[in-house]
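Hi there,

Here is the structure I promised to pass along. Please have a look at it first, and my notes follow just below.

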Amino acid sequence: MEIERHEYDVVVIGAGGAGLRAAIEARQQGKRTAIVCKSLFGKAHTVMAEGGAAAAMGNVNSDDNWMVHFRDTMRGGKFLNNWRMAELHAKEAPDRVWELEAWGALFDRTKDGKISQRNFGGHEYPRLAHVGDRTGLEMIRTLQQRVVALQQEDERLHGDAEAYIKVFAECTITRLLKDHGPAHGPGGAIAGAFGYWREHGRLILFDAPAVVLATGGIGKSYVVTSNSWEYTGDGHALALLAGAKLINMEFIQFHPTGMVWPPSVRGILVTESVRGDGGVLRNSEGRRFMFDYIPEVFKDKYATTEEEGDRWYTDQANNRRPPELLPRDEVARAINAEVKAGRGSPQGGVYLDVSTRLPAAEIVRRLPSMHHQFKELADVDITAEPMQVGPTCHYIMGGVEVDADTGAAAVPGLFAAGEVSGGMHGSNRLGGNSLSDLLVFGRRAGAGAAAYVDRLAARPSVPEESVTAARAEALAPLERAGENPYEVHQELQRTMNELVGIIRNADEVTEALEAVKKLKERAQNVGAAGNRIYNPGWHLALDLRNMLLVSECVARAALLREESRGGHTRDDFPGMSAEWRRKLLVCAASPDGSEVTVEEKVQPAMRDDLITLFDRAELEKYITPEELADFDALVR
Ligand code: FAD
């Protein structure tokens with residue numbers, strides 16, 4: 001069978017914020033760049049982002065700066081973040097937002113005409129640059145417009161709009177290919193990527209010395225999720241199978257507020273902006289229960305009375321923020337506990353009310369998508385009645401282990417940025433820190449890939465036997481009359497939701513690992529009826545390999561980490577442990593994905609000029625006694 005073949009310098013897999021920003025950078029550095037995405041161009045997950053992009057521009061509160069943002073990010077991640085990434089992110093996010101504005105993004109404005117910034121959980125000052133509650137849409141629109149502008153330039157310069165940047169939409173990559181060593185697994189450098197067109201099922205091969213993974217998250221391994229259909233952990237699995245490592249896979253963010261009713265929309269996100277703009281959480285008894293759940297480490301930063309919390313919205317200098325704006329892991333656990341204690345709403349959530357907090361017209365102006373979403377999907381008018389909400393699988397903090405400055409993974413020629421990469425957010429991401437992460441590290445990965453290509457003495461080539469193996473793997477489900485892939489998928493989703501969800505324990509996670517093992521065996525035999533022309537059963541059969549591999553990493557790491565931190569809560573090990581404070585869990589896989597191993601690795605100590613940005617009293621809550629002794633020696 002013919003395989004369509006293309007040659008590029010850099011292939012970017014994914015056309016969300018991270019992929020587009022990486023591709024723009026690679027093209028601006030003169031590299032012939034392909035953007036490959038399995039969804040339609042313009043319909044990446046980033047489009048769904050609502051609240052905004054966090055950047056310490058200081059437009060609304062001039063006390064904000066990169067150091068405050070850095071501290072908030074490290075606190076939010078419970079000090080497990082790759083601190084170099086958190087530093088770069090805090091320093092560079094404002095430039096990336098301004099750059100987006102220069103490329104045509106129309107952010108909401110303050111009264112004096114600056115980019116407006118809104119409050120979000122865990123951010124000390126109003127920091128999220130936003131466009132109503134449709135920020136992701138504007139971000140993608142602007143980045144796409146920039147791609148088109150570059151193509152117009154290429155048309156003028158080279159007579160071919162696609163000479164230096166071309167989009168391959170509805171095209172799924174199933175394997176990364178390397179130049180020598182074993183066909184897959186350790187050894188060798190990136191030489192290309194293999195995949196298929198979703199529409200007609202024809203196969204496609206990209207020859208390229210550099211690949212940037214920007215494939216987003218893994219939410220479709222869970223039943224209740226805010227994530228869209230393409231979040232099947234493809235980039236995570238592609239990296240693993242090529243010999244790269246994943247870190248922090250045990251940390252999954254369950255967003256506190258997903259819709260709970262009706263069942264068909266369960267999990268769809270209710271943006272944190274609702275709380276940022278004054279919305280409050282109540283249980284079935286009408287109590288604002290978040291005041292009962294302020295953890296010790298945050299006690300001095302959050303209001304202890306409703307009156308103080310309410311005053312904060314108009315006078316932030318003299319009041320502490322309401323506990324509804326605690327980091328997401330805290331709020332999600334609190335909602336879970338209220339529901340378990342029998343104080344939930346009729347459909348198993350709690351109440352989120354903005355109707356008694358803001359005038360109706362203001363709600364419609366500030367939260368147009370939420371107003372529309374509840375009216376259309378649940379027949380609830382949020383200007384007049386509360387919403388019912390509950391936790392939903394939202395974001396994975398874990399991902400490809402990369403070099404902070406360049407986005408380079410362990411495999412030469414492989415780079416990663418955005419949600420598929422790991423480290424930046426530690427054990428818990430602050431809202432708004434993803435959109436800025438995409439821009440900061442998308443640009444860096446694009447530049448890293450371009451510099452890598454410049455340094456190469458010779459182009460690597462794809463061995464024919466790797467192409468043959470990738471082809472056989474891609475077509476195998478069509479050649480079997482095996483088990484239904486939808487059944488395996490549903491069982492995986494239920495397993496992960498029930499046994500490796502928001503609250504975990506050793507027995508349940510062990511049970512999940514057993515189940516995943518059996519599902520992996522069953523997945524070897526799934527078959528797709530029909531031919532290659534738009535065949536979703538075939539697509540799912542291929543995606544299953546990725547979801548199972550990633551789920552195994554999540555479960556294995558969750559079993560090993562015997563503490564509770566950020567997006568990983570063990571009810572058999574409640575509380576953070578000093579022993580685990582600097583330990584990362586690093587996942588690797590055998591070349592065929594049958595074996596997953598997890599190793600501990602110690603995170604390097606934070607640079608002196610960064611650790612001294614914190615007060616000793618705060619560090620005491622997070623870091624080990626040895627680290628504290630080093631800190632004391634430093635400041636003495
Ligand atoms: P994506 O935007 O998801 O792009 C992934 C791309 O990879 C897609 O183009 C997809 O088609 C492609 N792809 C995947 N697999 C393959 C494959 N095998 N082959 C080819 N292509 C592939 N974060 C914030 O900071 N602020 C917010 O306000 C915010 N709101 C959110 C609201 C919702 C409802 C959700 C779900 C998330 C929100 N987030 C927010 C999180 C944020 O949107 C995501 O983390 C971020 O958009 C991920 O961007 P990305 O570029 O990494 O991936």
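A polar contact here is a pair of N or O atoms within 3.5 Å. Keep in mind that this is a predicted model.

With that cut-off in hand, let's begin at the ligand. A polar side-chain atom of glutamate 419 sits 2.7 Å from one of the ligand's oxygen atoms. The backbone takes part too: an N or O backbone atom of glycine 51 is 2.6 Å from a ligand oxygen, and a polar backbone atom of glycine 52 lies 2.9 Å from a ligand nitrogen. There are 40 residues around the ligand, and those that come nearest are His45, Thr46, Gly51, Tyr231 and Asp234.

Next, aspartate 353, which belongs to strand 15 (residues 350-353). Which side chain of opposite charge is nearest to this buried residue? It is arginine 282, at 4.8 Å. A salt bridge needs the side-chain nitrogen within 4 Å of a carboxyl oxygen, and aspartate 353 has no salt bridge. Its side chain does make polar contacts, with the side chain of serine 355 at 2.6 Å and with that of threonine 356, also at 2.6 Å.

Finally, helix 1. Its 12 residues (17-28) should span 16 Å at 1.5 Å a residue, and this agrees with its end C-alpha atoms, which are 16 Å apart. Helix 1 is mostly covered, with 11 of its 12 residues buried; among them are Arg21, Glu25 and Arg27. After the helix comes glycine 30, with a positive phi near 85°.

Best wishes

Key:
Residues are numbered from 1 along each chain as its sequence is written. This is a predicted model: local features need pLDDT of at least 70, side-chain atom pairs count only at pLDDT 80 or more; totals for chains, interfaces and linings use all residues. Side-chain values use heavy atoms; hydrogens and water are left out. Helices (H or I, at least four residues) and strands (E, at least two) are DSSP runs, numbered from the N terminus. The expected span of a helix is 1.5 Å times one less than its number of residues. Buried means under 20% relative accessible area, exposed over 50%, partly exposed in between (1.4 Å probe, protein chains only). Lys and Arg count as positive and Asp and Glu as negative; His and the chain ends are not counted. A polar contact is a pair of N or O atoms within 3.5 Å; within protein, one must be able to donate a hydrogen and the other to accept it, and residues adjacent in sequence count only if both atoms are side-chain atoms. A residue is near a molecule or strand if one of its heavy atoms lies within 4 Å of it.
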